[in-house]
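Here are some notes for a first look at this structure. Please read them with the model open beside you.

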Amino acid sequence: KDDNDGMFPESIAFTLWGTDNIKTYGESLAQVLALVGVRPVADSLGRVNKVELIPLEELGRPRIDVVVSCSGVFRDLFINQMNLMDRGIKMAAEADEPLEMNFVRKHALEQAAELNVSLREASCRVFSNSAGSYSANVGLAIENGGWEDESQLQDQFLTRKGFAFNADKPGMMEQQADLFKSALKTVDVTFQNLDSSEISITDVSHYYDSDPTKVVQGLRDDKKKPMSLMADTTTANAQVRSLSETVRLDARTKLLNPKFYEGMLSTGYEGVREIQKRLRNTMGWSATAGEVDNFVFEDANSVFIEDPEMQQRLLDTNPNAFRDMVTTFLEANGRGYWETTEENIERLQELYAEVEDRIEGI
């Protein structure tokens with residue numbers, strides 16, 4: 001609100017993971033319900049099987065719309081919780097309240113008219129993969145380099161994650177790509193919790209694989225990129241940071257940290273592969289969110305490529321991973337994610353040829 005001219009965001013896109021919500025006892029789930037302005041209601045045994053609307057007078061702010069993208073594991077483990085979210089969101093959409101105080105209803109009415117469906121159907125906001133399917137496979141495409149442009153990644157995300165959960169049709173995940181797109185194009189903020197200090201946002205591809213930032217930008221009528229936020233809840237002193245700040249922090253503490261990369265190199269072959277994987281995952285954030293500062297690639301190039309001694313260590317330890325590292329730098333430049341000097345690019349091209357010859361035994 002403070003960064004948005006005092007205005008509340010009208011819609012927030014959430015990413016919910018299964019294991020994270022197990023560890024945090026449903027932290028993300030609680031955030032979704034709170035934003036919509038509904039609360040869980042426990043029965044006499046303490047079980048939560050229904051929700052109720054919090055009156056606007058008590059809430060003291062507008063009801064914020066949400067678009068919830070659940071991982072395949074969350075779908076498998078927490079189908080009852082998806083049911084609660086869907087019912088709560090539909091309650092908010094059907095509440096007879098001023099539109100300026102109920103963004104869920106405001107957007108659902110617009111989408112009902114746009115898609116020619118009922119208000120209740122238009123208010124579906126809980127999405128995931130189809131039954132038996134997992135992830136958007138965006139990470140897989142980026143890891144393999146087999147993608148033409150960002151629109152391919154965005155279409156892949158929308159196609160694989162566009163199956164709606166509907167409490168009125170239990171046991172079914174229906175493909176609702178148009179409704180998914182219509183809901184996402186109203187999003188002002190994308191949000192995810194980080195609750196583990198063991199796995200950071202460049203340790204694995206899953207984080208950027210599920211990030212909808214550029215998807216939302218492409219769908220919005222004004223093509224404005226939404227604000228991207230991450231909440232660090234690894235300690236009791238929870239902090240909300242921008243995605244770009246989180247990427248910078250991760251790069252400084254891992255990829256560009258001598259303690260990290262020297263520790264990796266000390267393990268030998270697999271350590272070099274781990275450094276390369278982290279560089280590739282950093283580029284993944286450029287592709288899906290555009291939130292990687294140029295200095296991250298520039299500094300990584302200085303550490304791993306410009307230093308002849310480091311070059312040789314990487315080449316001798318794991319020539320295949322070193323070739324992939326050189327490829328990642330060239331790809332980052334070619335796709336417009338890293339601006340650097342012609343000298344650096346020529347050095348990388350020469351290195352690639354040298355490493356290729358070394359691997360081929362020429």
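Predicted model: local features only at pLDDT ≥ 70, side-chain atom pairs only at ≥ 80, totals over all residues.

1. Asp65, Val67 and Ser69 point one way from strand 4. Val66, Val68 and Cys70 point the other way. Both sets are buried.

2. Which strands pair with strand 4? Strand 1 (residues 11-16) runs parallel to strand 4, joined by 6 bridges. Serine 11 stands opposite aspartate 65. Strand 5 (residues 126-128) also pairs with strand 4 in the parallel sense, over 2 bridges. There, valine 126 is the bridge partner of valine 68.

3. Follow the chain past strand 5. Serine 133 sits in the loop between strand 5 and helix 8 (138-144). Is serine 133 buried or exposed? Its relative accessibility is 13%, so serine 133 counts as buried, the cut-off being under 20%. Leaving aside neighbours within four places in sequence, serine 133 is in contact with Gly72, Arg75 and Arg160.

4. Now look at an antiparallel pair. Strand 2 (residues 38-42) and strand 3 (residues 48-53) pair in the antiparallel sense over 5 bridges. Proline 40 stands opposite valine 51 in strand 3. The two strands form a hairpin, with 5 residues between them. In the turn, glycine 46 has a positive phi of about 85°.

5. Backbone angles deserve a check. Most residues other than glycine have a negative phi. Tyrosine 25 has a positive phi of about 60°, although it is not a glycine. Tyrosine 25 is found in the loop between helix 1 (18-23) and helix 2 (27-36). With 79% relative accessibility, tyrosine 25 counts as exposed, because the cut-off is over 50%.

6. Where does asparagine 116 lie? Asparagine 116 is in the loop between helix 6 (103-115) and helix 7 (119-122). At 70% relative accessibility, asparagine 116 counts as exposed.

7. Turn to helix 13, which covers residues 243-253 and holds alanine 251. Alanine 251 has a relative accessible area of 3%, so alanine 251 is buried. Leaving aside neighbours within four places in sequence, alanine 251 is in contact with Leu256, Asn257 and Val296. Alanine 251 and leucine 279 are 28 residues apart in sequence. In space, the C-alpha atoms of alanine 251 and leucine 279 are 9.1 Å apart.

8. Step back to the whole chain. The protein chain has 19 helices and 10 strands.

9. Buried residues make up 52% of the 362 residues in the protein chain. Among contacts with a separation of 6 or more, 70% join residues 24 or more positions apart.

10. Last, surface and charge. The protein chain exposes about 16300 Å², and carbon and sulfur atoms supply 50% of that area. There are 38 positive and 61 negative side chains in the protein chain. The centres of the two sets lie 6 Å apart.

How values were computed. Residues numbered from 1 in each chain as written. Heavy atoms only, no water. Helix = DSSP H or I, 4+ residues; strand = E, 2+ residues; numbered from the N terminus. Buried < 20%, exposed > 50% of the residue type's maximum accessible area, 1.4 Å probe, protein only. Contact = heavy atoms within 4.5 Å. Pairing = 2+ DSSP bridges. Areas by Shrake-Rupley, 256 points an atom, 1.4 Å probe, with all protein chains shown as cover. Lys, Arg positive; Asp, Glu negative; His and termini not counted. Charge placed at Lys NZ, Arg CZ, Asp CG, Glu CD.
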